[in-house]
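Please look over the structure that follows, and then read on as two of its features are described in turn.

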Amino acid sequence: MTVARKPRLLTGDRPTGPLHLGHLVGTLQNRVALQDSHECFLIVADLHSLTTRSKREQILELPGRVRSMVLDLLSVGIDPARSTIYLQSGVPAVYDLAILLQMLTPVARLSKIDTIKDMARSAGLAESEVPMGLLGYPVLQAADILMANAELVPVGGDNEIHVQVAQELAQHFNEAYGPVFAVPQPTISSTPSLPGVNTIPDGSAHKMSKSLGNTINLEDSSEEVARKLRTLPGPAPGEPGRPPLFAFSEAFLPAEADDLRRDYDRGVIGFAAVQDRIITAIDAVLAPFRERRAAFARDRGRVEEILVDGTITARKVAYETLGRVREAMGLEPLWAGLVQATQARAEARKRPVYPGREH
Ligand code: ATP
Ligand code: MG
(Lines give C-alpha, C1' and ligand atoms only; values in the text may rest on other atoms or scores of the structure.)
(Ligands and ions follow the chains in the order given, each with its own letter.)
Protein backbone atom coordinates (compact mmCIF):
# COMPACT_ATOMS: atom_id res chain seq x y z
CA MET A 1 0.00 0.00 0.00
CA THR A 2 1.45 3.38 -0.91
CA VAL A 3 0.90 6.15 1.60
CA ALA A 4 -0.05 9.46 -0.06
CA ARG A 5 2.37 12.12 1.12
CA LYS A 6 1.18 15.46 2.44
CA PRO A 7 1.60 18.37 0.02
CA ARG A 8 4.99 20.01 0.37
CA LEU A 9 5.74 23.57 1.33
CA LEU A 10 9.05 25.35 0.92
CA THR A 11 10.03 28.85 1.90
CA GLY A 12 12.87 30.58 3.70
CA ASP A 13 14.96 33.60 4.47
CA ARG A 14 18.40 34.98 3.81
CA PRO A 15 20.57 35.12 6.95
CA THR A 16 21.24 38.82 6.38
CA GLY A 17 19.96 39.91 9.79
CA PRO A 18 17.43 39.12 12.53
CA LEU A 19 13.88 38.17 11.53
CA HIS A 20 11.39 40.95 12.12
CA LEU A 21 7.69 41.75 12.38
CA GLY A 22 7.42 41.93 8.56
CA HIS A 23 8.53 38.29 8.36
CA LEU A 24 6.10 37.36 11.10
CA VAL A 25 2.97 38.71 9.42
CA GLY A 26 4.25 38.22 5.85
CA THR A 27 5.20 34.55 6.05
CA LEU A 28 6.07 33.08 9.48
CA GLN A 29 2.48 32.93 10.75
CA ASN A 30 1.47 31.06 7.58
CA ARG A 31 4.35 28.63 8.03
CA VAL A 32 3.35 27.80 11.59
CA ALA A 33 -0.31 27.38 10.60
CA LEU A 34 0.53 25.01 7.73
CA GLN A 35 2.86 22.70 9.68
CA ASP A 36 0.26 19.98 10.23
CA SER A 37 -1.29 19.92 6.79
CA HIS A 38 2.02 20.14 4.87
CA GLU A 39 5.46 18.60 4.81
CA CYS A 40 7.42 21.80 5.46
CA PHE A 41 10.93 22.66 4.23
CA LEU A 42 12.36 25.88 5.62
CA ILE A 43 15.55 27.01 4.00
CA VAL A 44 18.22 29.15 5.62
CA ALA A 45 19.30 30.72 2.35
CA ASP A 46 22.99 31.45 2.91
CA LEU A 47 23.82 31.14 -0.81
CA HIS A 48 21.20 33.76 -1.52
CA SER A 49 22.83 36.06 1.02
CA LEU A 50 26.04 35.91 -1.08
CA THR A 51 24.19 37.69 -3.92
CA THR A 52 24.64 40.96 -2.01
CA ARG A 53 27.11 39.99 0.77
CA SER A 54 30.02 38.02 -0.66
CA LYS A 55 32.93 39.78 1.10
CA ARG A 56 35.08 37.60 3.32
CA GLU A 57 34.16 39.48 6.49
CA GLN A 58 30.45 39.15 5.57
CA ILE A 59 30.83 35.40 5.10
CA LEU A 60 32.59 35.17 8.47
CA GLU A 61 29.44 36.62 10.05
CA LEU A 62 27.31 33.79 8.67
CA PRO A 63 27.65 31.22 11.51
CA GLY A 64 26.24 33.67 14.06
CA ARG A 65 23.51 34.91 11.73
CA VAL A 66 22.48 31.37 10.76
CA ARG A 67 22.21 30.28 14.40
CA SER A 68 20.21 33.36 15.25
CA MET A 69 17.85 32.79 12.33
CA VAL A 70 17.14 29.20 13.39
CA LEU A 71 16.42 30.49 16.91
CA ASP A 72 14.02 33.05 15.41
CA LEU A 73 12.19 30.27 13.53
CA LEU A 74 11.97 28.06 16.62
CA SER A 75 10.83 30.99 18.76
CA VAL A 76 7.71 31.63 16.67
CA GLY A 77 6.61 28.01 16.95
CA ILE A 78 8.27 26.20 14.04
CA ASP A 79 8.49 22.66 15.35
CA PRO A 80 11.59 20.73 14.20
CA ALA A 81 9.66 17.47 14.59
CA ARG A 82 7.23 18.62 11.89
CA SER A 83 9.30 21.00 9.77
CA THR A 84 12.67 20.47 8.11
CA ILE A 85 14.95 23.47 8.72
CA TYR A 86 18.05 23.25 6.51
CA LEU A 87 21.14 25.11 5.33
CA GLN A 88 21.04 25.86 1.61
CA SER A 89 24.80 25.57 1.02
CA GLY A 90 24.76 22.16 2.71
CA VAL A 91 22.78 20.78 -0.24
CA PRO A 92 25.18 20.92 -3.21
CA ALA A 93 22.63 19.27 -5.53
CA VAL A 94 20.86 22.63 -5.54
CA TYR A 95 23.85 24.20 -7.36
CA ASP A 96 23.62 21.51 -10.05
CA LEU A 97 19.92 22.09 -10.55
CA ALA A 98 20.36 25.87 -10.58
CA ILE A 99 22.86 25.57 -13.46
CA LEU A 100 20.48 23.40 -15.46
CA LEU A 101 17.58 25.81 -14.84
CA GLN A 102 19.76 28.76 -15.90
CA MET A 103 19.90 27.19 -19.37
CA LEU A 104 16.11 27.50 -19.59
CA THR A 105 15.82 31.09 -18.31
CA PRO A 106 15.90 34.03 -20.73
CA VAL A 107 18.05 36.88 -19.35
CA ALA A 108 15.35 39.30 -20.56
CA ARG A 109 12.88 37.70 -18.13
CA LEU A 110 15.19 38.32 -15.17
CA SER A 111 16.25 41.83 -16.10
CA LYS A 112 12.61 42.96 -15.98
CA ILE A 113 12.25 42.00 -12.28
CA ASP A 114 12.18 45.16 -10.15
CA THR A 115 12.84 43.42 -6.82
CA ILE A 116 16.35 42.59 -8.00
CA LYS A 117 17.02 46.27 -8.64
CA ASP A 118 15.56 47.08 -5.18
CA MET A 119 17.85 44.52 -3.55
CA ALA A 120 20.87 45.96 -5.34
CA ARG A 121 19.89 49.46 -4.19
CA SER A 122 19.36 48.34 -0.57
CA ALA A 123 22.78 46.67 -0.63
CA GLY A 124 24.38 49.87 -2.00
CA LEU A 125 25.37 48.26 -5.32
CA ALA A 126 25.66 50.39 -8.46
CA GLU A 127 24.17 48.94 -11.65
CA SER A 128 27.64 48.10 -12.95
CA GLU A 129 28.37 46.10 -9.77
CA VAL A 130 25.31 43.80 -9.86
CA PRO A 131 26.73 40.27 -9.92
CA MET A 132 25.36 37.55 -12.20
CA GLY A 133 24.31 35.70 -9.05
CA LEU A 134 21.97 38.54 -8.05
CA LEU A 135 20.39 38.61 -11.50
CA GLY A 136 20.00 34.84 -11.14
CA TYR A 137 18.49 35.09 -7.64
CA PRO A 138 15.04 33.86 -8.79
CA VAL A 139 16.62 30.92 -10.65
CA LEU A 140 18.42 29.74 -7.51
CA GLN A 141 15.18 30.21 -5.58
CA ALA A 142 13.39 28.15 -8.25
CA ALA A 143 16.02 25.42 -7.77
CA ASP A 144 15.26 25.37 -4.01
CA ILE A 145 11.51 25.16 -4.58
CA LEU A 146 11.57 22.63 -7.42
CA MET A 147 14.23 20.53 -5.72
CA ALA A 148 11.78 19.83 -2.91
CA ASN A 149 8.90 19.47 -5.39
CA ALA A 150 7.05 22.01 -3.27
CA GLU A 151 3.44 22.73 -4.13
CA LEU A 152 3.13 25.75 -1.83
CA VAL A 153 5.43 28.72 -1.16
CA PRO A 154 4.29 31.16 1.57
CA VAL A 155 6.09 34.44 0.86
CA GLY A 156 5.72 38.18 1.33
CA GLY A 157 4.44 40.29 -1.58
CA ASP A 158 7.91 41.22 -2.88
CA ASN A 159 8.72 37.57 -3.40
CA GLU A 160 5.65 36.60 -5.42
CA ILE A 161 7.35 37.46 -8.71
CA HIS A 162 10.19 35.04 -7.87
CA VAL A 163 7.70 32.23 -7.28
CA GLN A 164 6.21 33.04 -10.70
CA VAL A 165 9.65 32.42 -12.24
CA ALA A 166 9.72 29.03 -10.49
CA GLN A 167 6.24 28.26 -11.87
CA GLU A 168 7.31 29.17 -15.40
CA LEU A 169 10.46 27.06 -15.13
CA ALA A 170 8.53 24.05 -13.80
CA GLN A 171 6.02 24.30 -16.66
CA HIS A 172 8.70 24.83 -19.27
CA PHE A 173 10.77 21.90 -17.98
CA ASN A 174 7.79 19.54 -17.77
CA GLU A 175 6.73 20.37 -21.33
CA ALA A 176 10.25 20.07 -22.73
CA TYR A 177 11.49 16.94 -20.94
CA GLY A 178 8.54 15.22 -19.25
CA PRO A 179 6.61 15.69 -16.00
CA VAL A 180 9.20 15.96 -13.22
CA PHE A 181 8.22 19.01 -11.16
CA ALA A 182 5.15 20.04 -9.17
CA VAL A 183 4.10 23.55 -10.27
CA PRO A 184 4.41 25.68 -7.09
CA GLN A 185 1.78 28.16 -5.93
CA PRO A 186 2.60 31.24 -3.82
CA THR A 187 0.56 31.94 -0.67
CA ILE A 188 0.52 35.64 0.10
CA SER A 189 -0.58 36.75 3.56
CA SER A 190 -3.09 39.48 4.32
CA THR A 191 -0.11 41.72 5.21
CA PRO A 192 2.15 41.24 2.19
CA SER A 193 4.33 44.25 2.95
CA LEU A 194 4.58 45.67 6.47
CA PRO A 195 6.23 49.10 6.44
CA GLY A 196 9.39 49.82 8.39
CA VAL A 197 9.89 52.18 11.34
CA ASN A 198 11.85 55.43 11.31
CA THR A 199 14.98 54.14 13.04
CA ILE A 200 16.57 55.35 9.77
CA PRO A 201 15.49 58.50 7.92
CA ASP A 202 12.26 57.81 6.06
CA GLY A 203 12.32 54.16 7.14
CA SER A 204 8.51 53.90 7.13
CA ALA A 205 8.39 54.82 3.43
CA HIS A 206 9.88 51.40 2.66
CA LYS A 207 8.87 47.88 3.58
CA MET A 208 10.43 46.63 6.81
CA SER A 209 13.67 45.06 5.63
CA LYS A 210 16.62 43.57 7.49
CA SER A 211 19.19 45.14 5.23
CA LEU A 212 17.71 48.62 5.63
CA GLY A 213 17.77 48.82 9.45
CA ASN A 214 14.13 49.90 9.74
CA THR A 215 12.99 46.80 11.62
CA ILE A 216 11.36 45.77 14.87
CA ASN A 217 13.02 42.40 15.45
CA LEU A 218 11.37 39.34 16.95
CA GLU A 219 14.11 39.25 19.59
CA ASP A 220 13.73 42.94 20.58
CA SER A 221 12.96 43.70 24.23
CA SER A 222 9.69 45.40 25.25
CA GLU A 223 11.60 48.68 25.61
CA GLU A 224 13.06 48.43 22.11
CA VAL A 225 9.66 47.63 20.61
CA ALA A 226 8.16 50.70 22.30
CA ARG A 227 11.05 52.97 21.36
CA LYS A 228 11.04 51.89 17.72
CA LEU A 229 7.26 52.02 17.27
CA ARG A 230 7.18 55.56 18.68
CA THR A 231 9.38 56.72 15.78
CA LEU A 232 6.35 56.44 13.49
CA PRO A 233 4.78 59.79 12.66
CA GLY A 234 1.09 60.37 13.27
CA PRO A 235 -1.16 61.56 10.48
CA ALA A 236 -3.28 64.61 11.25
CA PRO A 237 -6.68 63.31 12.45
CA GLY A 238 -8.90 62.78 9.40
CA GLU A 239 -5.96 62.84 6.97
CA PRO A 240 -6.76 60.44 4.12
CA GLY A 241 -4.53 57.54 3.11
CA ARG A 242 -3.06 54.65 5.03
CA PRO A 243 -0.31 55.95 7.32
CA PRO A 244 2.29 53.38 8.41
CA LEU A 245 1.17 53.43 12.05
CA PHE A 246 -2.24 52.09 11.06
CA ALA A 247 -0.67 49.34 8.97
CA PHE A 248 0.61 48.06 12.33
CA SER A 249 -2.82 48.17 13.95
CA GLU A 250 -4.30 46.30 10.97
CA ALA A 251 -1.62 43.62 11.34
CA PHE A 252 -1.57 43.28 15.14
CA LEU A 253 -5.06 44.43 16.21
CA PRO A 254 -7.09 43.28 13.20
CA ALA A 255 -10.44 43.15 15.06
CA GLU A 256 -10.10 46.71 16.40
CA ALA A 257 -8.17 48.43 13.60
CA ASP A 258 -11.16 50.10 11.90
CA ASP A 259 -12.60 51.42 15.19
CA LEU A 260 -9.19 52.67 16.28
CA ARG A 261 -8.74 54.64 13.08
CA ARG A 262 -12.26 56.06 13.26
CA ASP A 263 -11.84 57.07 16.91
CA TYR A 264 -8.52 58.70 16.09
CA ASP A 265 -9.98 60.63 13.14
CA ARG A 266 -12.82 61.89 15.35
CA GLY A 267 -10.43 62.96 18.09
CA VAL A 268 -11.85 60.39 20.58
CA ILE A 269 -8.41 58.89 21.13
CA GLY A 270 -5.01 60.62 20.90
CA PHE A 271 -1.96 59.63 18.94
CA ALA A 272 0.09 58.44 21.93
CA ALA A 273 -2.81 56.22 23.06
CA VAL A 274 -2.99 54.61 19.60
CA GLN A 275 0.74 53.92 19.78
CA ASP A 276 0.33 52.42 23.28
CA ARG A 277 -2.43 50.06 22.13
CA ILE A 278 -0.29 48.82 19.25
CA ILE A 279 2.83 48.46 21.42
CA THR A 280 0.89 46.38 23.98
CA ALA A 281 -0.52 44.16 21.21
CA ILE A 282 2.90 43.57 19.63
CA ASP A 283 4.47 42.87 23.00
CA ALA A 284 1.80 40.27 23.81
CA VAL A 285 2.67 38.48 20.56
CA LEU A 286 6.42 38.62 21.20
CA ALA A 287 6.47 37.61 24.90
CA PRO A 288 6.08 33.83 24.35
CA PHE A 289 8.60 34.00 21.49
CA ARG A 290 11.24 35.41 23.85
CA GLU A 291 10.72 32.54 26.30
CA ARG A 292 10.87 29.82 23.65
CA ARG A 293 13.95 31.39 22.10
CA ALA A 294 15.76 31.50 25.44
CA ALA A 295 14.91 27.83 26.16
CA PHE A 296 16.33 26.63 22.81
CA ALA A 297 19.40 28.88 23.19
CA ARG A 298 20.18 27.36 26.61
CA ASP A 299 20.08 23.79 25.21
CA ARG A 300 23.69 23.58 24.00
CA GLY A 301 24.17 22.15 20.50
CA ARG A 302 20.41 21.78 19.94
CA VAL A 303 20.15 24.45 17.22
CA GLU A 304 23.10 22.95 15.34
CA GLU A 305 21.62 19.44 15.66
CA ILE A 306 18.28 20.62 14.24
CA LEU A 307 20.02 22.23 11.28
CA VAL A 308 22.24 19.21 10.57
CA ASP A 309 19.33 16.75 10.79
CA GLY A 310 17.23 18.96 8.52
CA THR A 311 20.05 19.36 6.00
CA ILE A 312 20.56 15.59 5.80
CA THR A 313 16.83 15.17 5.07
CA ALA A 314 16.95 17.92 2.43
CA ARG A 315 20.01 16.33 0.78
CA LYS A 316 18.16 13.04 0.28
CA VAL A 317 15.19 14.78 -1.30
CA ALA A 318 17.46 16.93 -3.46
CA TYR A 319 19.56 14.09 -4.84
CA GLU A 320 16.43 12.12 -5.65
CA THR A 321 14.99 15.05 -7.63
CA LEU A 322 18.31 15.80 -9.32
CA GLY A 323 18.51 12.17 -10.47
CA ARG A 324 15.07 12.45 -12.09
CA VAL A 325 16.00 15.77 -13.71
CA ARG A 326 19.24 14.38 -15.18
CA GLU A 327 17.39 11.31 -16.41
CA ALA A 328 14.64 13.41 -18.05
CA MET A 329 17.16 15.73 -19.73
CA GLY A 330 19.24 12.86 -21.07
CA LEU A 331 22.34 13.72 -19.01
CA GLU A 332 22.18 10.56 -16.91
CA PRO A 333 21.79 8.29 -19.97
CA LEU A 334 24.74 10.15 -21.57
CA TRP A 335 26.97 9.36 -18.60
CA ALA A 336 25.57 5.82 -18.25
CA GLY A 337 26.31 5.16 -21.96
CA LEU A 338 29.94 6.22 -21.53
CA VAL A 339 30.35 4.05 -18.45
CA GLN A 340 28.76 1.07 -20.20
CA ALA A 341 31.08 1.37 -23.21
CA THR A 342 34.10 1.58 -20.90
CA GLN A 343 32.95 -1.49 -18.98
CA ALA A 344 32.43 -3.41 -22.20
CA ARG A 345 35.96 -2.49 -23.30
CA ALA A 346 37.38 -3.66 -19.96
CA GLU A 347 35.49 -6.95 -20.34
CA ALA A 348 36.85 -7.35 -23.87
CA ARG A 349 40.39 -6.78 -22.57
CA LYS A 350 40.02 -9.71 -20.19
CA ARG A 351 39.59 -12.04 -23.22
CA PRO A 352 42.76 -13.85 -24.32
CA VAL A 353 44.78 -11.94 -26.87
CA TYR A 354 45.66 -15.08 -28.97
CA PRO A 355 42.65 -17.42 -28.91
CA GLY A 356 43.71 -21.06 -28.60
CA ARG A 357 47.20 -20.25 -27.17
CA GLU A 358 46.13 -19.30 -23.64
CA HIS A 359 48.31 -22.03 -21.91
P1 ATP B 1 16.70 41.65 2.95
O2 ATP B 1 16.69 43.11 3.31
O3 ATP B 1 18.00 40.95 3.19
O4 ATP B 1 16.14 41.39 1.56
P5 ATP B 1 14.14 41.07 4.11
O6 ATP B 1 13.85 41.73 5.40
O7 ATP B 1 13.52 41.67 2.87
O8 ATP B 1 15.71 40.96 4.00
P9 ATP B 1 13.93 38.39 3.13
O10 ATP B 1 14.84 37.35 3.70
O11 ATP B 1 14.26 39.00 1.80
O12 ATP B 1 13.74 39.55 4.22
O13 ATP B 1 12.45 37.83 3.06
C14 ATP B 1 12.03 36.62 3.62
C15 ATP B 1 10.55 36.48 3.42
O16 ATP B 1 9.86 37.45 4.22
C17 ATP B 1 10.08 36.75 1.99
O18 ATP B 1 9.00 35.88 1.71
C19 ATP B 1 9.61 38.18 2.02
O20 ATP B 1 8.65 38.44 1.02
C21 ATP B 1 9.00 38.26 3.44
N22 ATP B 1 9.07 39.63 3.94
C23 ATP B 1 10.20 40.34 4.16
N24 ATP B 1 9.91 41.58 4.60
C25 ATP B 1 8.57 41.67 4.69
C26 ATP B 1 7.66 42.70 5.08
N27 ATP B 1 8.09 43.90 5.48
N28 ATP B 1 6.32 42.44 5.05
C29 ATP B 1 5.87 41.23 4.64
N30 ATP B 1 6.68 40.21 4.25
C31 ATP B 1 8.01 40.41 4.26
MG1 MG C 1 14.12 40.92 0.91
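How many cavities of 30 Å³ or more does the count come to? The count comes to 1 cavity, where a cavity is a set of points, on a 1 Å grid over the protein atoms alone, at which a 1.4 Å probe fits but cannot get out. This is a predicted model, in which local features need pLDDT of at least 70 and side-chain atom pairs count only at pLDDT 80 or more, while totals for chains, interfaces and linings use all residues. Residues are numbered from 1 along each chain as its sequence is written, and side-chain values use heavy atoms, with hydrogens and water left out.

The largest cavity holds about 80 Å³ of space, a volume being the space filled by probe spheres set on the points. By class, the lining divides into 10 nonpolar, 1 polar and 1 charged.

Helix H15 (residues 302-329) also packs with helix H4 (residues 62-75), at an angle of about 90° and with the axes 10 Å apart; the axes are lines fitted to C-alpha atoms over the stretch in contact, and angles run from 0 to 180 degrees between N-to-C directions. H4 is therefore roughly perpendicular to H15, a term that covers angles of 65 to 115 degrees. The contact (heavy atoms within 4.5 Å) includes Val66, Arg67 and Leu74 of H4 and Glu304 and Leu307 of H15.

Notes
Chains are lettered from A and ligands numbered from 1 in the order in which they are written. Helices (H or I, at least four residues) and strands (E, at least two) are DSSP runs, numbered from the N terminus. Angles under 35 degrees count as roughly parallel, over 145 as roughly antiparallel, 65 to 115 as roughly perpendicular and the rest as oblique. On a 1 Å grid over the protein atoms alone, a cavity is a set of points where a 1.4 Å probe fits but cannot get out, and a pocket is an open set with protein on both sides within 12 Å along at least five of seven lines; lining residues have an atom within 4 Å of a point. Ala, Val, Leu, Ile, Met, Phe, Trp, Tyr, Cys and Pro count as nonpolar, Asp, Glu, Lys and Arg as charged, and the others, Gly among them, as polar.
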